[in-house]
Amino acid sequence: MIRKISHIGIAVKDLNSAIEMYRKLGLEVEGTEIVESQNVRVAFIPVGDVRIELLEATMEDSTIAKFIEKKGEGIHHIALNTDDLESDLQSAETQGITLIDSKPRKGAHQTKIAFLHPKSTNGVLLELCQDKG
Ligand code: ZN
């Protein structure tokens with residue numbers, strides 16, 4: 001079941017300068033990590049219960065690089081936290097929502113993640129994510 005927003009993913013050109021901007025707001029990075037499966041370097045910035053996930057492409061053919069090329073920097077996805085990713089994913093599909101990932105894959109922080117297709121979610125890329133349990 002989905003209970004809260006996990007994080008908001010923001011595509012940035014330069015991770016370090018984006019981090020600097022958030023520092024000016026008094027926010028601190030929890031950690032940075034490279035997610036090989038998506039060719040991105042990410043930084044998580046906790047804001048209360050929700051995190052901001054800054055995403056920087058590590059390869060030219062990364063989806064983040066393509067996103068920035070097409071739309072510029074900005075909000076890339078919203079991630080909803082679930083306690084049972086497989087079940088919520090299957091239920092979404094059953095109800096006619098188009099999935100990008102029909103099977104969970106590995107996300108940052110040892111999470112399991114799956115994306116829903118923006119064409120069936122009002123133009124917003126939604127990520128379902130389940131914390132390592
Ligand atoms: Zn994310």
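Predicted model: local features only at pLDDT ≥ 70, side-chain atom pairs only at ≥ 80, totals over all residues.
Donors here are N, O and S atoms within 2.8 Å of the metal.

Four residues coordinate the zinc: His7 and His77, each through NE2, and Glu53 and Glu127, each through OE, at 2.1 to 2.3 Å. Read along the chain, these donors follow the spacing H-x45-E-x23-H-x49-E. That brings distant parts of the chain together: His7 sits in strand S1 (residues 2-11) and Glu127 in strand S8 (residues 126-130), 120 residues apart. Both His7 and Glu127 are buried.

What kind of arrangement do the 4 donor atoms make around the zinc ion? It's irregular, because the angles they subtend run from 82 to 162°, while a tetrahedral site would need all angles between 85 and 135 degrees.

Now step back to the sheet. Strands of a sheet pair through backbone hydrogen bonds, either parallel or antiparallel. In this model, 8 strands line up as S2-S3-S4-S1-S5-S8-S7-S6, forming an open sheet with mixed pairing. At the edges you'll find S2 (31-35) and S6 (105-106), each pairing on one side only. Further in, strand S5 (residues 74-82) runs parallel to S8, and 4 bridges join the two. Across that pair, Leu80 stands opposite Leu128 in S8.

Helices come next. Helix H1 (residues 15-24) packs on the sheet, where it touches S1, S2, S3 (40-47) and S4 (50-57), and its direction makes about 155° with that of S4. Helix H3 (residues 85-94) lies across S1, S5, S7 (112-116) and S8, running at about 15° to S7.

How values were computed: Residues numbered from 1 in each chain as written. Heavy atoms only, no water. Donors = N, O, S within 2.8 Å, 3.2 Å for Na, K, Ca; no water. Tetrahedral: all angles 85-135°; square planar, octahedral: opposite > 155°, others 65-115°. Buried < 20%, exposed > 50% of the residue type's maximum accessible area, 1.4 Å probe, protein only. Pairing = 2+ DSSP bridges. Contact = heavy atoms within 4.5 Å. Axes fitted to C-alpha atoms, helices over the stretch in contact; angles between N-to-C directions.
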